[in-house]
Amino acid sequence: MNILIVKVSSLGDVVHTMPAVQDLRQALPGARIDWVVERGFAPLVRRCAGVSRVIELDLRRWRKSPLSAGVRREWQAFRAALRQQPYDAVIDLQGLTKSALVAWLAALAPGGRRYALANRTDGAGYEPPTRWVADVAVPIEPHTHAVMRSRELCARALGYQVPDLECFGLEVQAQRSLDAIEKGVARAPVAFVHGTSRADKQWPLAHWIELGRRLNAEGHAVALPHGSEEELRRSEALARELPLARVWPRLALDALADEMAGCAGVVGVDSGLSHIAVALGLPHVQIYNFDTAWRTGPTGSARQCSVFAQPAPTVDAVWQAWQQVSATGSRQ
């Protein structure tokens, strides 16, 4: 059986789709699974166990000059790659017009079907073309965690039960982080995921500094990843205030996952990098200024938890949560 997963963005949504791929592998051991995703996230999807082919979409860049000769050539190459393999099942796990277009363009094998969400779920985007394109629209309980939404859709589409065990299948090459080696610190560093696409999800800089000082006092360096110029400036500001801190270079997502896997754990806001920490099984505290952890936060592991308060959780609350998750040990 040939299956095409359509989940093109964003980073957190891509990570949340990985357990559905592992379910498919378990339920249909002989299946070939391909995945369409935005080019920037492709390095991470290639690390997802069971994905045979990653078909890269560059829609974000193509939109900037859709009529240019270069974009037209790239679009034609994408269409050719998408139609190279006929699929028995094309599963749109995104629920947006752009993903519906991709699903519609994909080649079906004789008897093949396109599956998609039949309805919007709470806190998630949904656009009508999703249902128009689908041969089978699958209803999902609206109040559903982002991970379970994809798992349920795939299971109901292809006729199996969602397994009890949630597994992301994110493969990494973990090694002792250079941060600990360079600083001469005996304990592995803790990564601070302070960057997010929304300013109202940020945690105050003063809180990060205080938390970093407490970790430094326990022998942990602080690792500071970043994905934009604004996040770089914030990382540099944090590093200036902490005795043991290092700003990481900007890394591709696969290399970033490798570095994170070598950390003692991660403290972060609701963002794609925090969701990578969840996928890696690291001790992790996820910080929420809104009561939305039920939809995207970590579930089912003593090594991971979310902390919510308005306008923002206190340092003491996050520190207590870190003490609890870090006491359970690192990735097993």
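V15, H16, H145, V147, E166, F168, H275, V278, T296, G297, P298 and T299 line the largest cavity. Some terms, quickly. We take a 1 Å grid over the protein atoms alone, and a cavity is a set of points where a 1.4 Å probe fits but cannot get out. Lining residues have an atom within 4 Å of a point.

This is a predicted model, where local features need pLDDT of at least 70 and side-chain atom pairs count only at pLDDT 80 or more, while totals for chains, interfaces and linings use all residues. Numbering runs from 1 along each chain as its sequence is written, and side-chain values use heavy atoms, without hydrogens and water.

Back to the largest cavity. Its space is about 70 Å³. Volume here is the space filled by probe spheres set on the points, with grid points joined across faces, edges and corners. Helix 1 (11-27) and helix 12 (272-280) each give at least two lining residues. Helices are DSSP runs of H or I, at least four residues; strands are E runs, at least two; both are numbered from the N terminus.

How does that lining split by class? Five nonpolar, six polar, one charged. Nonpolar means Ala, Val, Leu, Ile, Met, Phe, Trp, Tyr, Cys and Pro; charged means Asp, Glu, Lys and Arg; the others, Gly among them, are polar.

How many cavities reach 30 Å³ or more? Two. V90, D92, A103, R114, Y115, A116, T130, V133 and A134 line it. Strand 5 has the largest share, three residues. By class, this second lining has six nonpolar, one polar and two charged residues.

Technical notes
On a 1 Å grid over the protein atoms alone, a cavity is a set of points where a 1.4 Å probe fits but cannot get out, and a pocket is an open set with protein on both sides within 12 Å along at least five of seven lines; lining residues have an atom within 4 Å of a point.
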